[in-house]
Amino acid sequence: MRALVFKDFGAIEIEDVPKPGLEQPGDALVRVTRTAICGSDLHVVHGRIPGMNPGGILGHEFVGVVEAVDGEVSRFTEGDRVVGSFTIPCGSCWYCGRRLFSRCPDQRVFGYGSFFGDVPGAQADYVRVPNADLVLHAVDDSMSDERALFVGDIFTTGYDCASEARIEPGDVVTVVGCGPVGLMAILGAIRFTPSTIYAVDTVSQRLEMAQTLGAVPVDANDVHVPSFVQDRTGGRGADAVLECVGLVPALLDCIDIARAGGRISVIGVHSDQELELPLNTTFVKAIDLKFCGTANIIGRWDDAMGMVSSGVARPDTIISHRLGLEDAVLGYELFGRREALKVVLTP
């Protein structure tokens with residue numbers, strides 16, 4: 001079968017590799033019908049997420065059709081349409097028992113290399129899915145592949161961030177960072193009926209899409225964002241701030257954007273080991289600072305799928321490029337240069 005494989009830092013290729021089979025109890029084999037390039041895939045390719053070995057298959061966002069299942073799989077059978085969670089929890093630990101799947105100490109990730117379980121990814125014709133009863137979600141025949149695709153990662157991740165911010169009806173929300181996850185956080189926030197969502201970024205394409213999704217675009221190149229939000233909230237600031245960047249300056253800006261007693265929900269992936277936090281300001285403003293960590297995809301994807309199936313959210317709106325799997329390297333190049341908002345690949 002064809003697969004996109006890691007060769008070295010910054011080097012990837014489409015190669016012919018052996019088709020996977022069922023290896024462990026609970027496995028399913030899925031024929032991939034759509035897969036997507038995620039920002040964290042770029043982190044793997046460039047070494048920000050270490051541990052990927054040469055020959056490893058990339059990719060963790062996928063939807064497809066079940067081709068075979070192990071005898072211990074009870075929820076799925078051959079021919080079922082499914083979307084996969086990008087994380088693979090164990091399903092049996094203390095955390096999984098409380099549906100805190102993203103806190104599972106033994107969770108693995110598709111296409112992330114040896115530090116995350118060394119599970120081959122889904123940018124391929126086929127993918128082996130461990131613990132399939134937990135890691136797969138059924139897709140209704142009335143729903144297209146593209147509409148279902150992002151429930152397994154970025155849409156549910158954005159919804160998780162919005163949920164952790166405890167948004168209340170009528171709140172003013174500010175989303176900092178309008179990459180794919182930030183745009184999904186806008187869609188997730190809409191469910192909680194805020195009065196206004198301000199979308200902050202410096203890339204015009206992202207701001208235009210944020211406006212299309214119902215947010216008020218705020219170009220950080222042109223305005224001082226905390227002052228902009230305060231001027232429109234009677235000097236208070238935002239009730240809830242969703243940080244979707246993963247850089248220290250963005251996080252510190254969120255502290256200034258949030259009102260006294262406000263809430264900051266952080267889904268941006270931070271890799272810095274230390275942070276000089278303005279403790280006095282954070283304490284005096286009584287800000288709730290919530291780090292979401294890895295999103296609880298499996299714990300929230302029933303709600304997320306309901307939003308998509310009902311039409312409340314259309315995450316596929318952000319797709320900018322549709323390519324064949326054979327053009328995956330080009331897709332990575334476009335995404336890395338920020339010439340593509342979201343790339344979907346068809347095997």
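Is Arg-314 buried, partly exposed or exposed? Arg-314 is partly exposed, with a relative accessible area of 38%; here buried means under 20% relative accessible area, exposed means over 50%, and partly exposed lies in between (1.4 Å probe, protein chains only).

This briefing concerns a predicted model, in which local features need pLDDT of at least 70 and side-chain atom pairs count only at pLDDT 80 or more, while totals for chains, interfaces and linings use all residues. Residues are numbered from 1 along each chain as its sequence is written, and side-chain values use heavy atoms, with hydrogens and water left out.

**Packing of helices α5 and α11**

- Helix α5 spans residues 154–164 and helix α11 spans residues 297–310; helices (H or I, at least four residues) and strands (E, at least two) are DSSP runs, numbered from the N terminus.
- The two helices pack at an angle of about 100 degrees, and their axes lie 9 Å apart. Axes are lines fitted to C-alpha atoms, for helices over the stretch in contact, and angles run from 0 to 180 degrees between N-to-C directions.
- Helices α5 and α11 are therefore roughly perpendicular to each other, given that angles under 35 degrees count as roughly parallel, over 145 as roughly antiparallel, 65 to 115 as roughly perpendicular and the rest as oblique.
- On the α5 side, the contact (heavy atoms within 4.5 Å) is made by Phe-155, Thr-156, Thr-157, Tyr-159, Asp-160, Ser-163 and Glu-164. On the α11 side, the contributors are Ile-297, Arg-300, Trp-301, Asp-303, Ala-304, Met-307 and Val-308.
- By class, this contact of α5 with α11 comprises seven nonpolar, three polar and four charged residues. In this scheme Ala, Val, Leu, Ile, Met, Phe, Trp, Tyr, Cys and Pro count as nonpolar, Asp, Glu, Lys and Arg as charged, and the others, Gly among them, as polar.

**Salt bridges**

- The count comes to 20 salt bridges, where a salt bridge is a side-chain nitrogen of Lys or Arg within 4 Å of a carboxyl oxygen of Asp or Glu.
- Arg-300 forms a salt bridge with Glu-164, and the closest N and O atoms are 3.1 Å apart. This pair links distant parts of the chain, with Arg-300 in helix α11 and Glu-164 in helix α5, 136 residues apart. Glu-164 counts as partly exposed, at 24% relative accessibility.
- Asp-201 and Arg-206 meet through their side chains in a salt bridge of 3.5 Å, N to O. Asp-201 is buried at a relative accessible area of 8%, and Arg-206 is buried at 17%.
- Arg-314 forms a salt bridge with Asp-316, with the closest N and O atoms 2.8 Å apart. Asp-316 counts as buried at 9% relative accessibility, whereas Arg-314 is partly exposed.
- Salt bridges with shared partners join Asp-160, Glu-164, Lys-290 and Arg-300 into one network.

**Cysteines**

- The structure holds zero disulfides, a disulfide being a pair of cysteine sulfur atoms within 2.5 Å.
- Cys-90 is in no disulfide, and its nearest cysteine sulfur, that of Cys-104, is 3.6 Å away. Cys-90 is partly exposed, with a relative accessible area of 27%.
- Cys-104 is likewise in no disulfide, with the sulfur of Cys-90 as its nearest cysteine sulfur. Cys-104 is buried, with a relative accessible area of 3%.

**Backbone at two loop residues**

- Asn-131 has a positive phi of about 50 degrees although it is not a glycine. Asn-131 lies in the loop between β8 (126–129) and α3 (132–135) and is partly exposed, with a relative accessible area of 23%.
- Arg-338, also not a glycine, has a positive phi of about 60 degrees. The loop that holds Arg-338 runs between α12 (328–336) and β17 (343–346).

- Ile-190 belongs to helix α6 (residues 180–190) and is partly exposed, with a relative accessible area of 31%. Not counting residues up to four places away in sequence, Ile-190 touches Ile-197 and Leu-213.
- The C-alpha atoms of Ile-190 and Val-312 are separated by 8.6 Å, the two residues being 122 residues apart along the chain.
- Thr-87 is found in strand β6 (residues 87–88) and is buried, with a relative accessible area of 2%. Leaving aside neighbours within four places in sequence, Thr-87 is in contact with Gln-107, Arg-108, Val-109, Val-135, Thr-294 and Ile-298.
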